[in-house]
Amino acid sequence: MTTNFATPKTSASHKGLEPTAGRSVPGIRAPLPGHSPDGTVDVVLIGHTGQVGGAVLERLGDVRDPAGRPMLALRESINRREHVIGTERGLDVRSRAPGTLAELARRLAGRGRPAVVVDCSADPDLPALYPDWLRAGIGVVTPNKFGFAGNRALYDRIQSAARSGRAPLGYAATVGAGLPVLATLRRLRASGRAPTKITAVVSGTLVQVFGRMHDGALLSEAVAAARDAGCTEPDPLDDLSGKDVARKLRILLREAGQAAEDAEPVIDREPVVEDRWAQEIRGRLDVIEALQRQDARWAARLTAAEQNRQRWIYRAFAEPGRAQVGPATVAADDPFGRLDGSDNRLVLDGIGNGATRVVIEGPGAGIEVTATSVLSDLAEAAASQLLRLAVA
Ligand SMILES: NC(=O)c1ccc[n+]([C@@H]2O[C@H](COP(=O)([O-])OP(=O)(O)OC[C@H]3O[C@@H](n4cnc5c(N)ncnc54)[C@H](OP(=O)(O)O)[C@@H]3O)[C@@H](O)[C@H]2O)c1
């Protein structure tokens, strides 16, 4: 996805946000000078028109302190076309101008209030701005994987900016959606007991696709059903490539300390359908129709597995010297083979004395669980910003 300023268009379609000049608007408050007399933290929401961003927007008011007081004050919401700002006079809805995000750190610092930016986009370029925000003491919360799974130098810059700006940084939703995956890895690592082996199913979409195939659907039918249920990326070929799973494994390895700065493991990736074939049809043919050409190959693989009482899964696996993602078979009664709906399952092995294995399993995809994870990170980030004010 690329940033697109080309066709600015203003609309008042944000859920819960209506441009109402001269009146106060629920959810958006006028900027306050100074610190935070009302005990709230400013929020800038990127991607409020998206699935996850829309769910986060609707539930911002649910984030409250232990005394039940709201902790968040939505100040701005931004998508590719528009920029909505809460002002003393009401809502200012503008076409988005170039530089809107690049100037965010200066704008927020000028308000002198604690702030958190929530990036609910899937834009691979946006994370390059996180270091500026974090260094300025602005928190960042996001389900966007690109800052954590991509370029190592950017990942390091983000982490060190969070430390130097003493700013909260939350990205729990990038792996396992609402499951406590990254927090568990960090706790194990902090205790000197990071796992040395990870076996995981972390694509809820592919759990659904393989589950439907084992229930008798062809590959093209299973992908169409997952797409119609809103469970795939806009282009389902992105899910079938396994790249999303490889990104998640990269994040897991970094959090587990298994990806040294100068020796990032190479992740072998086997897609569900060949990359070259996917590239040939991408953007040219209807994906579901084109996938019918892959049906026979997968139907034969499914039949062979079932004759051997096995099931197909899309597995991520890492141990010292080896990291890979790809389709694999497991025994039909293996817990990985029995995953339901969009469940994820992670088995962390080699933890050391005492507990040698940790298993995390549960819903690992979906709008609501992802939004819940973002809001939990946001609540923590807001509390940490307020604490910082209190001790300053
Ligand atoms: N859906 C899930 O189950 C799930 C689970 C875990 C993680 N995630 C992650 O959550 C994120 C959001 O997913 P989604 O399904 O909600 O995506 P989505 O429906 O496509 O929404 C993306 C939102 O981001 C906005 N956006 C994109 N690029 C932007 C940019 N450069 N500047 C400002 N706004 C921009 C879009 O605005 P426009 O209205 O202008 O297009 C839209 O509001 C992704 O990173 C995804 O990987 C999703």
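This is a predicted model: local features need pLDDT of at least 70, side-chain atom pairs count only at pLDDT 80 or more; totals for chains, interfaces and linings use all residues.
Visitor: What does β12 pair with through five bridges, and which residue of β12 stands opposite K197?
Guide: The five bridges join β12 (residues 343-349) to β8 (residues 197-201), and these two strands run antiparallel. Along this pairing, A200 has L346 as its bridge partner in β12, while the residue of β12 opposite K197 is D349.

Visitor: What is the strand order in the open sheet of seven strands, and which are the edge strands?
Guide: The seven-strand sheet is open and mixed in its pairing, with the order β4-β3-β2-β1-β5-β6-β7. A strand at the edge pairs on one side only, and here the edge strands are β4 (90-95) and β7 (169-170).

Visitor: Do β1 and β2 run parallel or antiparallel, and which residue of β2 stands opposite V44?
Guide: Strand β1 (residues 41-46) is joined to β2 by six bridges, and the two run parallel. Strand β2 (residues 72-78) is mostly covered, with seven of its seven residues buried. Opposite V44, the residue in β2 is E76.

Visitor: Do β3 and β4 run parallel or antiparallel, and which residue of β4 stands opposite V84?
Guide: Six bridges join β3 (residues 82-87) to β4, and the two strands run antiparallel. The residue of β4 that stands opposite V84 is V93.

Visitor: Into which domains is the chain divided, and what distance separates their centres?
Guide: Domain 1 covers 41-174 + 369-391, and domain 2 covers 181-365. Taken over C-alpha atoms, the centres of domain 1 and domain 2 are separated by 29 Å.

Visitor: How many residues of each domain are in contact with the other, and which element gives the most to the side of domain 1 that touches domain 2?
Guide: Nine residues of domain 1 are in contact with nine residues of domain 2. On the side of domain 1 that touches domain 2, α4 (146-149) and α5 (152-164) each supply at least two residues. By class, that side has five nonpolar, one polar and three charged residues. The element that gives the most to it, with three residues, is α5.

Visitor: Why does the largest nonpolar core lie between domain 1 and domain 2?
Guide: Among the 99 residues of this core, V43, V56, L72, V116, V118, V374 and L378 touch the most other members, and the element that gives the most to the core, with seven residues, is α13. The core lies between the domains because residues come to it from both domain 1 (41-174 + 369-391) and domain 2 (181-365).

Visitor: With which residues is V116 in contact, leaving aside its neighbours within four places in sequence?
Guide: V116 is one of the core residues that touch the most other members. Leaving aside those sequence neighbours, the contacts of V116 are V41, V43, I138, G139, V141, L378, A381, A382 and Q385.

Visitor: Which residues come nearest to the ligand, and which element gives the largest share of the shell around the ligand?
Guide: There are 27 residues around the ligand, and G47, G50, N79, R80 and S121 come nearest. The elements giving two or more residues to this shell are α1 (51-59) and α13 (367-391). By class, the shell divides into 12 nonpolar, 11 polar and four charged residues. The largest share of the shell, three residues, comes from α1.

Visitor: Does R166 count as buried or exposed, and what of A177?
Guide: Most residues other than glycine have a negative phi. R166, in the loop between α5 and β7, has a positive phi near 45°, and A177, in the loop between β7 and α6 (181-190), likewise has a positive phi near 45°. R166 has 12 C-beta neighbours inside 10 Å and therefore counts as exposed. A177 has 27 C-beta neighbours inside 10 Å, so A177 counts as buried.

Methods: Residues are numbered from 1 along each chain as its sequence is written. A residue is near a molecule or strand if its C-beta atom, placed from the backbone, lies within 6 Å of it. Helices (H or I, at least four residues) and strands (E, at least two) are DSSP runs, numbered from the N terminus. Ala, Val, Leu, Ile, Met, Phe, Trp, Tyr, Cys and Pro count as nonpolar, Asp, Glu, Lys and Arg as charged, and the others, Gly among them, as polar. Domain bounds come from an automatic or database domain assignment. Two residues are in contact if their C-beta atoms, placed from the backbone, lie within 7 Å. A nonpolar core is a set of buried Ala, Val, Leu, Ile, Met, Phe, Trp, Tyr and Cys residues joined through C-beta atoms within 7 Å. A residue is buried if 20 or more other C-beta atoms lie within 10 Å of its own, exposed if 12 or fewer, and partly exposed in between; C-beta atoms are placed from the backbone. Two strands pair if DSSP finds at least two bridges between them.
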